Amino acid sequence: MNSQNSTPSNFRKQLKVSLLAGTALLIAATGASQLYSVDANAEAVRIETAQQPGFGDVVEKVSPAVVSVRVKGALQPVSDNGDTPPGLEDLPRDHPLNRFFRDFRGERGDRNNQRRPRAERSAGQGSGFFISEDGFIVTNNHVVDDGESFLVVLSDGTEMDAKLIGKDARTDLAVLKVEPTKKFTYVAFADESKARVGDWVVAVGNPFGLGGTVTAGIISANGRDIGSGPYDNYLQIDAAVNRGNSGGPAFNLNGEVVGVNTAIFSPSGGNVGIAFAIPASTAKDVVNDLMDDGKINRGWLGVQIQPVNEDIAASLGLKEAKGALVNDPQEGGPAAKAGIRKGDVITAINGVVVESPKDLAKKVAAIVPGTKTGFSIWRDGKAETISIGIETLKDPEKKAEAKPAMAEPQSLATLGLTVTPNDKGEGLVVTDVEPDSAAAERGVSPGDVIVAVNSAPVSAADDISAAVAAAEKSGRKAVLMQIDGENGSRFVAFPVAKG
């Protein structure tokens with residue numbers, strides 16, 4: 001073997017010539033009419049690829065409008081052994097380990113080893129964004145809640161004190177304001193109704209206090225109910241959102257805010273690609289109200305409600321499992337004043353169908369307080385319309401829990417129940433529930449109180465038996481029981497016939 005020809009440079013040169021020569025032969029073999037000379041010293045081929053789409057333009061445009069929000073709370077006293085690690089709190093004050101931990105943290109007492117009283121100020125952080133050039137900032141209520149002072153940090157590092165204008169716990173939104181030392185870069189809310197599942201979104205915020213972090217993803221779903229409140233209607237996105245992103249914006253590719261990042265689903269506390277944002281349509285209305293006078297004026301109906309499932313619809317003679325079933329009209333509330341009763345089903349408002357209890361809550365909240373509104377209801381097997389004067393939403397009063405006393409039990413074997421008259425109030429107290437019975441399947445528990453069946457009050461087991469017999473005779477497949485329990489009042493449909 002010739003060692004000169006085996007050097008790496010000569011080998012690469014020979015390989016390059018061979019490949020190019022092979023290309024020339026291929027051209028000749030395919031009918032090319034010209035011969036091409038091959039230059040062994042030619043430059044390597046470079047392929048110019050098309051520029052890939054990115055988010056740089058959007059981020060450059062919107063980043064100056066996004067801020068970090070720092071919150072300081074009230075001073076809180078610290079326990080005497082606050083510096084002792086968990087599990088060692090009961091150590092005597094003069095124990096060597098306690099002295100070690102104090103010295104380690106650089107703390108000293110006086111000559112009598114008396115500890116100086118201490119207090120710590122709670123702190124939090126999140127994100128926000130300008131929505132006006134004069135300094136209004138949107139963030140989450142849970143970021144600023146219980147805070148006493150607020151500091152915002154702009155994208156260029158400028159720190160500014162902020163004032164809390166207003167907050168709304170029900171939608172988890174809040175508005176801050178800084179003094180307009182200049183015209184601030186701000187962003188606008190998008191027409192969120194045009195946002196589609198699969199559309200790109202860019203989240204900008206302050207995860208873990210890092211500030212100015214950008215992540216991207218898509219809208220994974222919309223209309224999510226995560227059980228955080230009566231107006232849940234979240235966008236679900238898969239952009240990486242972590243602690244500290246709360247209150248920050250999710251942008252579309254036009255640089256408009258499609259949602260306010262507010263929650264994540266995470267078993268570990270970190271990002272797993274499931275985040276929830278308050279839709280722009282909700283945020284815009286709430287923010288505008290808070291900017292006007294610092295508070296939200298929502299309509300209030302004054303009812304406790306539950307869904308209408310297939311069994312309940314069948315027991316009431318409804319064709320569809322829609323609407324909101326009234327468990328209890330609150331005493332003195334607009335609904336009670338207008339004559340709404342327990343067991344009524346609200347099916348429409350001003351002719352617009354009510355799909356569910358959550359749909360009812362949203363529709364009522366949007367009504368201007370003081371407005372007379374027509375409510376369609378289903379009562380005693382027929383439709384009616386009642387005019388109700390909507391009032392301003394207030395915090396509901398907590399109902400006292402009934403503690404029924406036990407009397408002589410009576411069996412309702414077909415339903416799997418044993419009941420006794422309630423000598424502390426209306427109805428029948430459930431004393432026993434048979435396993436695998438209709439009652440057990442529907443979550444009825446001992447201690448629950450059966451108040452009414454098919455809207456008729458009951459005081460004895462015979463009342464329930466009579467209602468079941470009447471339902472069978474009329475061809476209905478179920479009876480509707482109103483039951484008061486630990487979690488309030490609810491309606492439960494019990495089957496009365498097989499098949």
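**Entry 1. Conventions**

Helices (H or I, at least four residues) and strands (E, at least two) are DSSP runs, numbered from the N terminus. I count two strands as paired if DSSP finds at least two bridges between them. The model is predicted, so I read local features at pLDDT of at least 70 and side-chain atom pairs at pLDDT 80 or more, while totals for chains, interfaces and linings use all residues. Residues are numbered from 1 along each chain as its sequence is written, and side-chain values use heavy atoms, with hydrogens and water left out.

**Entry 2. The chain as a whole**

I looked up the totals for the chain. Its secondary structure comes to 10 helices and 27 strands. Of its 499 residues, 39% are buried (under 20% relative accessible area; exposed is over 50%, partly exposed in between, with a 1.4 Å probe and protein chains only). The accessible surface comes to about 28100 Å², and carbon and sulfur atoms hold 50% of that area; areas come from the Shrake-Rupley method with a 1.4 Å probe, and for residues only the protein chains shown count as cover. I then checked contacts (heavy atoms within 4.5 Å). Among contacts between residues at least 6 apart in sequence, 57% join residues at least 24 apart.

**Entry 3. The barrel**

In what order do the strands of the closed barrel run? I traced 6 strands in the order S7-S8-S9-S12-S11-S10, with antiparallel pairing. Neighbouring strands of this sheet are turned by 45° against each other on average, direction ignored. Axes are lines fitted to C-alpha atoms (for helices over the stretch in contact), and angles run from 0 to 180 degrees between N-to-C directions.

I followed the pairing of S7 with S10. Strand S7 (residues 200–205) and strand S10 (residues 249–251) run antiparallel and are joined by 2 bridges. Ala203 has Ala250 in S10 as its bridge partner.

I looked next at Val214, which lies in strand S8 (residues 213–224). Val214 is partly exposed, at 36% relative accessible area. Leaving out residues up to four places away in sequence, Val214 touches Val59, Val202, Ala203 and Val204. Val59 is 155 residues from Val214 in sequence, yet their C-alpha atoms are 7.7 Å apart.

Helix H5 (residues 280–293) lies across strand S11 (257–264) and strand S12 (275–279), and runs at about 50° to S12.

On the surface I found a nonpolar patch of Trp200, Ile218 and Leu253, with about 270 Å² of accessible area together. Patches are made of residues with over 30% relative accessible area and no salt bridge, with like charges joined within 9 Å and nonpolar side chains (Val, Leu, Ile, Met, Phe, Trp, Tyr) within 5 Å. Leu253 sits in the loop between S10 and S11. Its relative accessible area is 43%, so Leu253 counts as partly exposed.

**Entry 4. The S18–S19 hairpin**

Strand S18 (residues 372–379) pairs with strand S19 (residues 382–389) in the antiparallel sense, over 8 bridges. Within this pairing, Phe375 stands opposite Ile386 in S19. The two strands form a hairpin with 2 residues between them, and Asp380 in the turn has a positive phi of about 55°.

**Entry 5. Helix H8**

Which residues of helix H8 (residues 357–365) are buried? I found Pro357, Asp359, Leu360, Val364 and Ala365. Their cover includes strand S14 (303–307), strand S15 (324–329), strand S16 (345–349) and S18.

Asp359 forms a salt bridge with Lys363, with the closest N and O atoms 2.7 Å apart (a side-chain nitrogen of Lys or Arg within 4 Å of a carboxyl oxygen of Asp or Glu). Both residues lie in H8, 4 residues apart, about one turn of the helix. Asp359 is buried at 17% relative accessibility, whereas Lys363 is partly exposed at 24%.

I noted 15 salt bridges in the structure. In one of them, the side chains of Arg298 and Asp168 meet at 2.5 Å, N to O. This pair links Arg298, in the loop between H5 and S13, to Asp168 in strand S5 (residues 159–168), 130 residues apart. Arg298 counts as buried at 8% relative accessibility, and Asp168 counts as buried at 6%.

Another salt bridge joins the side chains of Asp311 and Arg442 at 3.7 Å, N to O. Asp311 lies in helix H6 (residues 310–316) and Arg442 in the loop between helix H9 (438–441) and strand S24 (449–453), 131 residues apart. Buried or partly exposed? I found Asp311 partly exposed at 38% relative accessibility, and Arg442 partly exposed at 24%.
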